[in-house]
Amino acid sequence: MRKYGLNNITGVLSKNSVAAEQDNIESNRPDPNVRQEDENTERGNWSSKREYMLSMIGYAVGLGNVWRFPYLAYKHGGGAFLIPYTIMLAVAGLPLFFMESSFGQFCSQGPINVWKAVPILQGVGITMMLVSIFVAIYYNVIIAYSIYYLFASFQYPLPWSVKDCSSTAYNITTASLNVTSENQTCQNEFSAGQSPSEKYWDEVALQRTSSMNETGPVVWHLALCLLLAWILVGGALFKGIKSSGKVVYFTATFPYIVLFILLVRGATLEGAKDGIEFYIGSKSNLTKLADAEVWKDAATQIFFSLSVAWGGLMALSSYNKFYNNCYQDSIIVCVTNCGTSVFAGFAIFSILGHMAHVYQRPVSEVFFSGFALAFIAYPDALSKLPISPLWSILFFLMLITLGLDSQFAGIEVIATCLQDAYPKVLKSKRGIVTTAVCIVLFLLGLPCVTGAGIYWVNLIDTFCAGWILLVAGLLEVLGLSILYGGNRFIKDIEMMIGTKSALFWLWWRACWFFITPVVLSIILVWSLYTFTSPTYGSVAYPDWGISLGWCISAFCLIWIPIVAVWKVYKASGGPWQRIKAACSPTEDWGPYLECHRGERYGTSGATDCENIAKSTCAKLVPTDYKAKGGSSKNTDTRG
C-alpha cells in the first residue's frame, strides 16, 4: 500500500488551494461589458435612458402591430373597435406593463430570479423563459422570410408580379393590369384565390409541401437567410445591452420613417380613400360593440401587442437604475405602441385600397392578416406602384427591423436568466453565452425552413404564443397582489419613484386586485372554450402534429406545479408552515444593491448608503428625491 507522507499531503492541499484561488479569480473577474460609471457594477446598466426607451418601444411594437391590428379594426367595426381597444389598454395592458417593468427594475433580476419575492411561483419565470425560447425559434424564421423577400426586391420587375397566364414564369407589364380578354384568366385566378403573389409565396419562397406529413428537403435560400438573421441578432447582442442599445437607434426608429413614407405615398393613390373607409371611416359600425368577441379580440390584441408575460419587460427593466421613473416609462411605451398600431393601419389600408381599385374588387376581397398580408397581399399591392422595387425594399426592411427589436428582447430574456442563475461562471462571458444561444436556436429552427416549415411555424405560434401567456400573466398578477401583497408591492415601487397619494394608487389597486385578474380569467376561459385545431389555409394538421403542439404547451407549463411542489418540499415545518414559507420572500429578496435596500430590506448593524465603501451607487441617489416625497429612511439607511 502506498504511504502518503507529509510532503504528499502538503502538495495536495497546495493544489487544492491554487484551484480554489483560480475559481475565486474567475468569479471575481469583472464583466468587460460593464462600465465603471454604471450604478450596478456587477450587472451593468443602460448607457442612457434613451436606449432603454427605444429598446422597450422596439420590443412592444412588433409585427402584430402591422399585420394583425388593422385586420381586427376592419373586422370589428372600424373606428368603433378603438373603444374596446382603449378600454382594454387601461384595465389590462397598462397595469400589467407597469407591474412587470417595476418588478424587474426593483430587484435588478431576470424573469426567474424576480420570483424570490414569491418562491412558490418561480416556475412562472421558467415558463416565460421557455416560451421565449420557442418563440425565438420561429420568430427569426419570419425575419428570414423578410430577408429573402428583401433580396428578391432588388430586381425589376418584382418576381411575384402579374404572371403570363400561358406559362409558369412570373412576368409583369403595365398592360397586364388592364382587364382585357387576354388577361381575364389572370383575373379569374385572382378571384379563385390563386394570385401570382400567392403562387410565388407557396411555390418559390416556401416551396411548401402538401401537408405537415411531408417534410421535404431544407429550402436552402431560407436556411441561409435564417443564418443571416441569427448573425444579425448575435452581433447586436454580443455585448448585451451595451451593443443592442446602440442598434435600436436604427431598428426602433426606421419603421416609423417607412410607415410615414408609405402613408404619404398611399394617400396619393387612386382608391386609397376606399381603403381608409374600410379601415376606420364612415363605415364604422358601433353595433359591433354588443358582440362579446369584439371585446375578447381587443383584450387579446392589447395583451400580446404589449408583450406582457413574456419576461422581456422584466429582463430589459432589470438593467435600469434604481430610481428610474418606471411609471412614466410605462405610460409612454404603451401609448406609443397603441398609436403605432392605429398609424400602421392607415399606411396598410391606403395601399390596399389602391390594389382593390386596380383589380376592380372590394377591399374586403384583397385584404388578409398575418403571413398572407405581409407576404402575399401587400407585396402584390406594392408591385402595382411605379418604382415598385423601391417600395418593396422599404417595406421588407421595415418588417426586418420590427422583428429584430422584438427578437433582441427575447434573446435577452434567455441570456439574462442564464447569467442570473450562474453569475460566477457566466458574468464575464456574455459574448460566449449569446453566441451559444444563437447557434443552438439556429439549429433548432432548421425544421422551420424545410418544405413543411410554415406548418411548424404556425404550430408553435398557436400552442406556444397563445393561452400559455394568459396563464403566466394571470398567475403573475395574482401572485404579486395576493401572495406577495399588493400594498407591499406599492411600497416597493415608492422606494423607486417616491411616495404617491392614496388617490394615485386607487386605480392601480383596483386593477391589480380585481379588474385585471377578472379580464385575464375571462379571456383565458374564452380562448380555451373556443379553441379549434389549427390549420394553414385549407390544410389541416395531422393528429400527431396536434398532439405535439399540446406536448409543447404542457412542457412550458408543467414547471409551474413542479417548482411549486419542490419549494414546498424543501421548506421546513408542518404542511401549513411549508406552504407559508414557500409563499414568503427569500432572505436575499429586495433591491440588488445594498445602498438601495433601506430599512425595509436592511439588516441590523448595517451602515447607510454614504458609508458603503466607495460605491458609485452613493453618488447616484437623486438630490430631489425627498422633494418627490421619497423617504429618507429608504434612501439613506439600511437599519
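1. Ser-108 is placed in the loop between α5 (82–107) and α6. Helices here are DSSP runs of H or I with at least four residues, strands are runs of E with at least two, and both are numbered from the N terminus. This is a predicted model, in which local features need pLDDT of at least 70 and side-chain atom pairs count only at pLDDT 80 or more, while totals for chains, interfaces and linings use all residues. Residues are numbered from 1 along each chain as its sequence is written, and side-chain values use heavy atoms, with hydrogens and water left out.

2. Most residues other than glycine have a negative phi. Ser-108 is buried, with a relative accessible area of 8%; buried means under 20% relative accessible area, exposed over 50%, and partly exposed in between, with a 1.4 Å probe and protein chains only.

3. Ser-307 also has a positive phi without being a glycine, the value being about 60 degrees. The residue is found in the loop between α13 and α14 (312–317). Its relative accessible area of 8% means that Ser-307 is classed as buried.

4. A further backbone feature is the cis peptide bond joining Tyr-156 and Pro-157, where omega is about 0 degrees. Most peptide bonds are trans. Pro-157 belongs to the loop between α6 and α7 (184–191).

5. Where do the axes of α6 and α17 stand relative to each other? They come within 9 Å and cross at roughly 160 degrees, α17 comprising residues 388–421. Axes are lines fitted to C-alpha atoms, for helices over the stretch in contact, and angles run from 0 to 180 degrees between N-to-C directions. The two helices, α6 and α17, are therefore roughly antiparallel; angles over 145 degrees count as such, those under 35 as roughly parallel, 65 to 115 as roughly perpendicular and the rest as oblique. α6 passes α17 in a left-handed crossing, meaning that the near helix is turned anticlockwise from the far one by less than a right angle, whereas clockwise gives a right-handed crossing. The residues of the contact of α6 with α17 divide into 18 nonpolar, seven polar and no charged. In this division Ala, Val, Leu, Ile, Met, Phe, Trp, Tyr, Cys and Pro count as nonpolar, Asp, Glu, Lys and Arg as charged, and the others, Gly among them, as polar.

6. Leu-150 is part of α6 (residues 122–152). With 11% relative accessibility, Leu-150 counts as buried. Apart from residues up to four places away in sequence, Leu-150 touches Ile-393, Phe-396, Leu-397 and Ile-400, contact meaning heavy atoms within 4.5 Å. The C-alpha atoms of Leu-150 and Phe-396 are separated by 5.5 Å, although the residues are 246 apart along the chain.

7. The unreviewed UniProt entry lists a "binding site" at Gly-58, Ala-60, Val-61, Asn-65, Ser-305, Asn-337, Leu-402, Asp-405 and Ser-406. These residues are spread over 349 residues of sequence yet cluster in space, the largest C-alpha distance being 13.3 Å. UniProt positions follow the numbering used here, feature names are shortened, and the annotations may be inferred rather than shown by experiment.

8. Gly-58 is buried at a relative accessible area of 3%. Setting aside residues up to four places away in sequence, Gly-58 touches Ala-252, Leu-402, Asp-405 and Ser-406. Ser-305, in helix α13 (residues 292–305), counts as buried at 5% relative accessibility. Beyond its neighbours within four places in sequence, Ser-305 is in contact with Ala-60, Asn-65, Tyr-85, Asn-337 and Ser-341.

9. The axes of helix α21 (residues 467–497) and helix α23 (residues 543–557) come within 10 Å and cross at roughly 15 degrees. α21 and α23 are therefore roughly parallel, and α21 passes α23 in a right-handed crossing. Trp-467, Ile-468 and Val-471 of α21 make the contact with Trp-550, Ser-553, Cys-556 and Leu-557 of α23. By class, these contact residues comprise six nonpolar, one polar and no charged.

10. Finally, Asp-202 lies in helix α8 (residues 196–205). Is Asp-202 buried or exposed? Asp-202 is buried, its relative accessible area being 14%. Not counting residues up to four places away in sequence, Asp-202 touches Gln-207, Arg-208 and Tyr-536.
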